[in-house]
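Subject: Structure handover

Hi,

Here is the structure I promised you.

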Amino acid sequence: MLPPSPPVTPWVEELPLQDTPLTPLAALDPAPTLGANLAGGEVGRAMHQRMGEICGPGSRTAREPLLYQLSARENPSWRFNGDNAYYPPQAIWGFSGGSGPAVTPGPTIHARYGQPIMCRIRNELPAFSTGFGSPEICTHLHNMHTPSESDGFTGDFYSASKKGPTLFAPGAYNDHFWPNLYAGIDEFGGIGDPREALGSLFYHDHTEGVTAPNVLKGLAGRYNIFDDLDSGNEQTGLRLPSGPYDYPLTFGDRRFDVNGQLTFDQLNPEGVLGDRYLVNGKIAPVLRVARRKYRFRLLNSGPTRYYELYLQNKGANGIFTFTQISADGNLLPNPLTNQTRVRLAPAERADIVIDFARFPLGTELYVVDQIVQSTTRRPDKVQAPGTRLLKLVVDRNPPEPDTSMVPSVLRPLRDLPSAAELAALPVRSFNFERSGGMWAINARFFDVFTPAVQVARGSAEIWELTNLNDGWQHPVHVHFEEGRILSKTVNGAPVPIPPHERGRKDVFNVGERMTIRVLFRFRDFNGKYLMHCHNLTHEDHSMMLRWDIV
């Protein structure tokens with residue numbers, strides 16, 4: 001049994017009133033190239049797929065990519081809990097968008113469909129460091145429709161002196177090409193099918209074998225993408241809360257030693273359950289809000305803890321409703337109104353809208369987690385009043401009238417194939433299991449070189465995700481494509497699909513003795529991708545497979 005983390009001082013850290021987006025650059029030096037720029041210091045990656053077709057005059061987007069740069073750095077003096085002496089300034093790893101210190105979460109990227117991005121990600125971490133983690137990086141944009149060479153495949157890790165097994169040279173940076181296209185560009189033309197849009201994403205380290213410690217040390221950030229429907233403007237499209245009223249909240253669990261230093265045992269295949277909760281990199285922070293509607297983009301960044309979140313009053317004897325508008329970054333067809341809770345497995349996201357106009361000035365509210373979880377394996381139970389994670393203070397009237405809306409129709413879904421069409425599709429089965437003290441899929445450990453599955457580009461398949469054990473849950477993440485849940489069974493008996501899981505998803509929480517059948521389409525790009533458990537300790541200890549589009 002690990003000793004508990006030191007005591008915290010609650011509600012001393014003030015979260016900023018809005019997140020700071022990453023600013024595009026006029027140029028990158030050296031300029032990005034179609035193939036790897038080895039002479040300029042880039043890693044030995046594959047060529048960017050379909051770039052000439054997607055970018056530039058006469059292309060699908062008729063636009064040149066916006067240029068961004070992120071640098072992975074060590075910040076030696078991060079404060080988790082204000083000036084609390086139990087948590088002294090200490091080193092974290094994070095991202096910086098310029099010459100300033102690294103932060104965690106990293107800068108938010110605000111993108112738009114139809115506007116490609118070239119994001120240079122530099123590795124400026126110290127080559128030698130103490131504690132846990134490994135100073136090679138590999139950044140996955142979860143779960144954008146991205147060509148494989150820019151997806152953050154776990155074997156594509158790099159530093160100036162080291163290369164991953166699926167690169168052909170080390171380097172100080174990697175240029176990631178993010179086309180920002182809807183899936184289905186070959187089927188629908190133009191920039192794809194707008195029913196395939198995402199909204200709330202995040203980027204995080206995906207280095208083979210050390211994803212959990214590297215993410216836990218701080219290598220993650222947010223990525224929001226907009227289009228004409230989810231416009232980021234309260235006067236156009238759906239008119240959802242926007243600007244400073246569209247706010248990311250990133251949750252994660254951590255454990256600290258008796259000296260208040262962040263700690264982790266990366267060799268333990270069971271992982272380490274944190275007993276302190278971070279919100280946007282801080283313990284027990286405060287966010288001050290205006291009396292109007294807010295869109296909160298919730299993310300469980302892991303590595304292992306589940307959350308069931310409620311909005312609670314100061315007396316801890318009442319909860320308030322909100323509206324859920326998305327799951328796993330995908331707008332739902334219709335909002336789920338009068339909700340009182342939202343459950344998030346590791347890597348799941350949910351966007352909710354809270355209207356603070358119903359509360360008088362000075363009201364104090366709390367985002368609380370009511371899950372009791374004693375091991376890294378699964379949640380135990382739900383129990384009130386729960387653990388307070390974030391304090392919300394309604395401290396002002398908005399400077400202008402609230403014109404935002406939550407309309408009754410959000411983003412339509414593509415119709416599912418007919419029963420006959422579904423019956424004709426190939427079915428693949430994947431069992432997520434414990435094996436030899438490690439974690440495996442279909443009794444096989446991860447092989448970075450050999451695809452366990454090859455699928456034809458343009459095809460569709462049904463994947464069965466199964467967990468025959470009754471001691472663990474596995475939040476299974478499939479890179480690149482969103483899936484639609486067709487059915488769920490427990491012990492072979494059908495169970496209902498919850499309303500928030502009836503849209504498009506990329507994380508499927510496979511509970512004990514459960515099978516989930518998911519429809520996937522495989523479109524637009526070739527190459528290597530991943531499926532893995534997003535309990536990051538399970539991923540690092542081999543519960544991952546490579547699958548290729550050919």
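The residues lining the largest pocket split into twelve nonpolar, six polar and nine charged. (Nonpolar here is Ala, Val, Leu, Ile, Met, Phe, Trp, Tyr, Cys and Pro; charged is Asp, Glu, Lys and Arg; the others, Gly among them, are polar.)

Before the rest, a word on the model: it is predicted, so local features need pLDDT of at least 70 and side-chain atom pairs count only at pLDDT 80 or more, while totals for chains, interfaces and linings use all residues. Residues are numbered from 1 along each chain as its sequence is written, and side-chain values use heavy atoms, with hydrogens and water left out.

Back to that largest pocket. Its volume is about 660 Å³, and of its 27 lining residues, Arg343, Lys488, Pro498, His500 and Glu501 lie nearest the centre. (A pocket is an open set of points on a 1 Å grid over the protein atoms alone, where a 1.4 Å probe fits, with protein on both sides within 12 Å along at least five of seven lines; lining residues have an atom within 4 Å of a point. Volume is the space filled by probe spheres set on the points, which are joined across faces, edges and corners.) Strands β18 (322-327), β19 (330-339), β20 (342-344) and β21 (349-355) each give at least two residues to the lining, with β20 giving the most, three. (Strands are DSSP runs of E, at least two residues, numbered from the N terminus.)

The second largest pocket comes in at about 390 Å³. It has 20 lining residues, and Pro16, Asp19, Pro105, Gly106 and Asn280 are nearest its centre. By class, the lining has eight nonpolar, seven polar and five charged residues.

There is also an open four-stranded sheet, ordered β3-β2-β5-β7 with mixed pairing. β3 (90-96) and β7 (173-178) are at the edges with a single partner strand each, so one side of each has no neighbour in the sheet. Inside the sheet, β2 (66-78) and β5 (117-123) run parallel and are joined by seven bridges; strands pair if DSSP finds at least two bridges between them. Glutamine 69 stands opposite arginine 120 in β5.

Cheers
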